[in-house]
Amino acid sequence: MRNINMNVETKLLACFLLLFVLSACNRQGKTETHREDVCLNNKGFEFLQAYYDDNDDKCLDSARFFLEKALKSNDGNSVAFYNLITVLGSQEEYGEMIELYRERLNMIHKKAHLAKAETCFELAVLYGKTGDTVSKCEMMQNASDEFEKCFSQKPLSVDLVVSFVLFTAYKDGKEAASQELKKYREVFPDDDFYSAVESELME
């Protein structure tokens, strides 16, 4: 398995978080906005945005406080989950990120192969950051197995292909990922998100 430079690794994580959050936001948009966990998530997100605006670490601490409360209120709130992952990533709390992802993995239905593949891949990247090569290899293999199950099902989704391209970039390098992008380009000729990932990853 070839390593890739830190800039590409950072882009992979950013692309993955964007993919997950967009999908989660689409689901949460159908829930009641006055729910306690939603309100807590929104408050946490305000502090996260303030951190990006002001680069004030206190805002990260406040964001973390509200987002952790949101997940205690409803551990199925995917938006709060990935917002908290973003906060922890900014704080370089990789051990806590791993713990959250392991909990999330146990919650995923056994037939939700794409969600399992994506979560295993994220865990592999995090284990790589902590130097746990054994767990990293285990999660990469698990992700590969789940992606294989995904591709046996039709029709293909843009989320699946983009996730697999990012996985390939991490595992085999940008050239291999570029080939995967070209292979499926005609399947999604007008998809804006596919184009954005293509542009960001291959620049």
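## Cysteines

Cys-120 has a relative accessible area of 4%, and it is therefore buried (under 20% relative accessible area, with exposed meaning over 50% and partly exposed in between, for a 1.4 Å probe and protein chains only). Cys-150, at 6% relative accessibility, is likewise counted as buried. With a disulfide taken as a pair of cysteine sulfur atoms within 2.5 Å, the count comes to 0.

## Basis of the model

The model is predicted, so that local features need pLDDT of at least 70 and side-chain atom pairs count only at pLDDT 80 or more, while totals for chains, interfaces and linings use all residues. Residues are numbered from 1 along each chain as its sequence is written, and side-chain values use heavy atoms, leaving out hydrogens and water.

## Fold and surface

The protein chain holds 10 helices and 0 strands, assigned as DSSP runs (H or I of at least four residues for helices, E of at least two for strands) and numbered from the N terminus. Of its 203 residues, 45% count as buried. Among contacts (heavy atoms within 4.5 Å) with a separation of 6 or more, 61% join residues 24 or more positions apart.

## Confidence

The predictor's confidence in each residue, pLDDT, runs from 0 to 100; its mean for the protein chain is 83, and 79% of the residues reach 70 or more. Confidence is lowest in helix α1 (residues 6-28), at a mean of 52, and highest in helix α7 (residues 133-151), at 96. Over residues 24-31 the pLDDT is below 50, and this stretch has 9 contacts in the model beyond near neighbours in sequence. Where pLDDT is low, predicted coordinates should not be read in detail.
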